[in-house]
Amino acid sequence: MAQGARRTYGQVVGVLVLAAAVAAFLSVAAVRHGFFDLKVYYGALTFWVHDGGEVYDFLKAGTQYGFTYPPFAALVMLPMAYLPWPAAITVSVVASVVTSAVLIWWLVDPIARRAGWTRWFALAVALCLAAAFEPMRETVNFGQVNTLLLFLVAVDLLRLLPAGNRWAGVGIGLATAIKLTPGVFIVYLLVTRRWRAAFTAMAAAAGATLLAAALFPDASREFWTSALWNTGRVGELAFVSNQSLRGVVARLDPEHPSTVAWLALVLATLAVWAWRSRAAVAAGDEATGLALTGAMMCLVSPVTWVHHLVWLIPGLILLVDNAMAAPARGRRRRVLLAAAIIGYGFLISRIVWAWEKDFTGVDGFLGSNTYVWISLALLLGLPIRRWAVPADGGPAREPGPAGSVGERGPAGSAVEPGGVPQLDQADGFAAAGERHRVDGLRPVG
C-alpha cells in the first residue's frame, strides 16, 4: 500500500474511532430535552395559524414558556406551521448541522492549510469535537436557532466585510430582527467605525421589522408593547444555566440580586471589549473581532443559557489557530493549546450542573459560574493577530479564518489568502516575551 493510501486509511479509521467515542460520550453526557424550545415555536405558530390565536398569547402546557422572539422570527418560522412535527425536527437539526459545518470549515480550513493537515480530516475531527460541545448539543436537543444567528453574523464578518462587499451588514441585520441580542454586532461595527456596514445592518434590521409589522400588525403591537417586557416568560435569572454576569450576580443573592453590581460589571466588560475590538480591527483581525463580540454578548446579556454559548466556538478555534501559527516548540504554542483544551474540556463536561441545586459557598460561586469565567478569559486573553508586510515591500498578507480572495488590508489593497499571521505577543494568553519570527515578514507597528 502506498504511503498516501496508508495515510488516508489511517485518517478514516481515526475519524471513525473518534466519532464512536463521541457517540459513546453523548449517550452518557447529553441530556435529551425532546426539542423543548422547538415545541414552543411549533405550538405557538400552530396556535396562531390554525387555531386563530395570537402567537404571543401561547404558553406551552404546564409551563410559563411562550414565543419570545420578534415578529420577523415568526415570519421566518411560519412554514413550520404547515409541516408535520417530525419534518419540523428534521429541518431544525439539518439547519443547525449545516450552518455549524460551514462556520467551522471557514475557521478550521486556514489552520489545516497552514499546518499541512489533510483538510477533510481536519474538518471531520472538528465536527466530531463540536458534536460533544455542550452548547452545540444543547442547541440541537432544544431545537434552538443559535447556530443560524452565528452563521448570519459570520457571513458578514468573515466573508463580506473583509472583501469590501457592499452587502456587508445584511446578515447582522437579519439576525437582529430574528432575535434582538445579535444587535450588539451593530454596536461592534459602530465602535470600530465601519459606518457603511453598520448602517446597512440597521437598515436590514429595520426593513425586516417593518415588513413583519406590515404583515402582522397585531402581533407586532403585542410584542413591542407587552411580550418584550414580560421577563417572566424567559426563566429564573439565578438558574445555573444562566451563564451571564447577570446570572453570577443573581446567584449571589437570588431574592434580591443587585442591579447596580450587574450594571457596573457590564460597563467594565463593555470598556474592555471596545478597547480590544478596536485593536483587533486596527490589526485587520476580523475573526477575533467576531470572537470577542460573541464572548461579550454572552457576558452582558441578562440571560445567557448554556446553549447560547455556541458564540464561544470562534474564540476556542482561534486559540488553536494562534497556537499552530506560533513556533512549534515555543511556550506560546503550549500555553494557547492548553487554554483551548481546558476551555473545551470544561464546555463539554456539564460541570456547572453539579451546583444546580446549591450554588452557595466559594465552591458554588466558582463552579456554578465556570462558563462565565471562560467567556471572560476569551474576552481578556484571546490573541490579536497583527497585519504583516513582506520585507520587500510587497502587498500585505493576512491568513485569518476569512481566508478568501479579495480581503482588504489596512490600506485597502487586496491581500492573499493563506498567509502567515504575525501574532501580538503582548496581547493574549501567551505574552511570554517570545517574538514569532516569520521569514521575509516583519510586523506592522
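I'll start with helix α14, residues 286-300: its 15 residues reach 21 Å from first C-alpha to last, close to the 21 Å expected at 1.5 Å a residue. The expected span here is 1.5 Å times one less than the number of residues. Helices (H or I, at least four residues) and strands (E, at least two) are DSSP runs, numbered from the N terminus. In α14, 15 of the 15 residues are buried, so the helix is largely enclosed by the rest of the structure. Buried means under 20% relative accessible area, exposed means over 50%, and partly exposed lies in between, with a 1.4 Å probe and protein chains only.

Some ground rules. This is a predicted model, so local features need pLDDT of at least 70 and side-chain atom pairs count only at pLDDT 80 or more, while totals for chains, interfaces and linings use all residues. Residues are numbered from 1 along each chain as its sequence is written, and side-chain values use heavy atoms, with hydrogens and water left out.

On confidence: pLDDT is the predictor's confidence in each residue, from 0 to 100. The protein averages 87, and 85% of the residues score at least 70. Over residues 388-426 the pLDDT is below 50, and this stretch has 110 contacts in the model beyond near neighbours in sequence. Residues 430-445 also stay under 50, with 42 contacts beyond four places in sequence. A contact means heavy atoms within 4.5 Å.

Now the overall picture. The secondary structure comes to 18 helices and 4 strands. Of the 445 residues in the protein, 52% are buried. Among contacts between residues at least 6 apart in sequence, 71% join residues at least 24 apart. Arg159 sits in helix α7 and is partly exposed, at a relative accessible area of 25%.

Next, empty space. Rolling a probe the size of a water molecule over the atoms shows where empty space is left. The search uses a 1 Å grid over the protein atoms alone: a cavity is a set of points where a 1.4 Å probe fits but cannot get out, a pocket is an open set with protein on both sides within 12 Å along at least five of seven lines, and lining residues have an atom within 4 Å of a point. Grid points are joined across faces, edges and corners, and a volume is the space filled by probe spheres set on the points.

How many cavities of 30 Å³ or more does the whole structure have? The search finds 1. The largest cavity has a volume of about 30 Å³. Its lining is Thr99, Ser100, Leu103, Met136, Thr147, Leu150 and Ile313. Helices α4 (85-115) and α7 (146-160) each supply at least two of the lining residues, and the largest share, 3 residues, comes from α4. By class, that lining has 4 nonpolar, 3 polar and no charged residues. For the classes, Ala, Val, Leu, Ile, Met, Phe, Trp, Tyr, Cys and Pro count as nonpolar, Asp, Glu, Lys and Arg as charged, and the others, Gly among them, as polar.

The second largest pocket has a volume of about 560 Å³. It is lined by 19 residues, and the closest to its centre are Val108, Ala126, Leu129, Ile317 and Val320. Two or more lining residues come from each of α4, α5 (119-132), α15 (313-325) and α16 (331-346). Which element gives the largest share of this lining? That is α5, with 6 residues. The pocket lining divides into 19 nonpolar, no polar and no charged residues.

Staying with α5: its 14 residues should span 20 Å at 1.5 Å a residue, and the end C-alpha atoms are 21 Å apart, which agrees. Its buried residues are Ala122, Leu123, Ala124, Ala126, Cys128, Ala130 and Ala132. They pack against α1 (3-29), α4, α6 (134-142) and α16.

In α6 we find Asn141. Is Asn141 buried or exposed? Asn141 is buried, at 18% relative accessible area. Leaving out residues up to four places away in sequence, Asn141 touches Ala30, Val31, His33, Gly34, Phe35 and Phe36.

Last, backbone angles. Most residues other than glycine have a negative phi, and most peptide bonds are trans. Arg193 is not a glycine but has a positive phi of about 65°. Arg193 lies in the loop between α9 (184-191) and α10 (195-215), and at 53% relative accessibility counts as exposed. Arg350, also not a glycine, has a positive phi of about 60°. Arg350 is in the loop between α16 and α17 (361-368) and is partly exposed, with a relative accessible area of 22%.
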